[in-house]
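Colleague: I would like to learn how to read a model of this kind, going from single residues to the whole chain. Could you take me through it one feature at a time?

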Amino acid sequence: AEDATGATIASGTAGTDDSAVIQAAIDAFITGGHIVVGFGTYAITKHLKIEFAENVTITGCNNPTFVISSPANRAFSLYDCNNVGIYTISFTNAAEYAIAVQKSSSIKIDSCTFDTCYGAVALHPSATVDGGCNNIRISNNLISNYSYAGVIIGNGCRYIMVDGNTIHDGYNPTGPLLYAIATTNIQGKPEWGTIRADYVTITNNHIYNHTMHHAIDSHGGRHHVITNNILENVTGRAIYCHVNSQADPPVSPTEVDSWNWVISGNVINNAEYGIVVSADHEGSDLSNVSICDNTVRNVSLFGIRVESRETTNIRNIVISNNTISGHTGEYLYASGINIRPSQTDSIVENVVVSNNTISTQGDTVPFAYGILFIRAQNGIVSGNVINTAEYGIVVSADHEGSELSNVSICDNTVRNVSLFG
């Protein structure tokens, strides 16, 4: 490895075990400097530790490849670092995340390639905000053939940007879970804590051929923006944002409360569900959610679904200016937009559904319901255009003892329905 001026920092026999050589280069510049890794294939059998580093860049020349093998299960482990960048390096064969980051700030991982890894980048959780990762940017990377997650963002992380990445062909051969990009939920581990990942932006990523579970999955938090992503061929939910905890013993509902989510400008083509927003944690609240300007095509169940469960509450939801077209016909009761609490003691209130267009496209099947609005309170359904469905707009209490109140339906256009407008 060399420094940015071309001077050799560390040298050794390439191809057998390059871990010691690269680690020596890192150690030599741990307090600041620019490390250049020359073109070639490097055998990594030990974790490369970047600890307490500051103002360090590691840049690959013409995309050198790090082949990770036992006993190493990842390439880089960053701990308590500030202002560190990793650029233009290819990683393959990591049994865990190729790059793991903990308790660090101002980290950038850009223009790297990750292939056939358990995951590309993990921002580890923390029990405190001070112990989490802050101001992290993961951008312009190519991630393929991941077996658990492309990018995972842990609790306690704040001001995270995941942008411009191409993520494709994920498959988990040993378990039911698979994510392209996700924030973690609370699992009840003391070191994970109950602080959520906040101020997370996921934008301009292209995700395709995601073969199971959910592509973008936010397990709760505050101030999340998911915008201008393209998601194609997703088996499961393309975008799933939900207030979720699996802590044992359970945590207080207020620790799980989430708010200020924006889901906008995304294009989804071929998925089981397009966009799902849900409050899953008993007694918790989800509020201030905007779902707008998205395009959803060819879903098998719902274009956009908002739901609450188990005494949870969802308040202040705007669903506006979305275009939803195409239903594959696999589910008889598919809806373009579906809003409903799953339990009678759950609340969905202050919902605006406006200026959306719901139609069929090509050889797709009409939706059973253009808009299905169940047991909600204080709602406005206006300015929507529904073209070809069994039912245009359905508003219903739908359950004995449940409440439906203060819903205005106005200025909508409904065409070509087979039952009721």
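**Reading salt bridges and burial**

Modeller: Let us begin with one side chain, keeping in mind that this is a predicted model: Arg315 has a relative accessibility of 24% and counts as partly exposed.

Colleague: Which side chains does Arg315 meet in salt bridges?

Modeller: A salt bridge is read from the distance between a side-chain nitrogen of Lys or Arg and a carboxyl oxygen of Asp or Glu, which has to be within 4 Å. Here Arg315 meets Asp285 at 3.3 Å, N to O, and Arg315 also meets Glu349 at 2.4 Å, N to O. Because Arg315 lies in strand β29 and Glu349 in strand β32 (residues 347-354), this pair ties together parts that are 34 residues apart in sequence. Taken together, Asp285, Arg315 and Glu349 are linked in a network of salt bridges.

Colleague: Where does Asp285 lie, and how far apart in sequence are the parts that it ties together with Arg315?

Modeller: The side chains of Asp285 and Arg315 meet in a salt bridge, and since Asp285 lies in strand β27 (residues 285-292) while Arg315 lies in strand β29 (residues 313-320), the pair joins parts that are 30 residues apart in sequence.

Colleague: Are Asp285 and Glu349 buried or partly exposed?

Modeller: A residue counts as buried when its relative accessible area is under 20%. Asp285, with 26%, is partly exposed, whereas Glu349, at 15%, counts as buried.

Colleague: How many disulfides does a search of the whole structure find?

Modeller: Such a search looks for pairs of cysteine sulfur atoms within 2.5 Å, and it finds zero disulfides in the whole structure. As for individual cysteines, Cys61 is partly exposed, with a relative accessible area of 36%, while Cys241, at 2%, counts as buried.

Colleague: What can be said about the protein as a whole?

Modeller: The protein has one helix and 38 strands, and 54% of its 421 residues count as buried. Of the contacts between residues at least 6 apart in sequence, 73% join residues at least 24 apart. The accessible surface comes to about 15900 Å², with 48% of it belonging to carbon and sulfur atoms.

Methods. Residues numbered from 1 in each chain as written. Predicted model: local features only at pLDDT ≥ 70, side-chain atom pairs only at ≥ 80, totals over all residues. Heavy atoms only, no water. Helix = DSSP H or I, 4+ residues; strand = E, 2+ residues; numbered from the N terminus. Buried < 20%, exposed > 50% of the residue type's maximum accessible area, 1.4 Å probe, protein only. Contact = heavy atoms within 4.5 Å. Areas by Shrake-Rupley, 256 points an atom, 1.4 Å probe, with all protein chains shown as cover.
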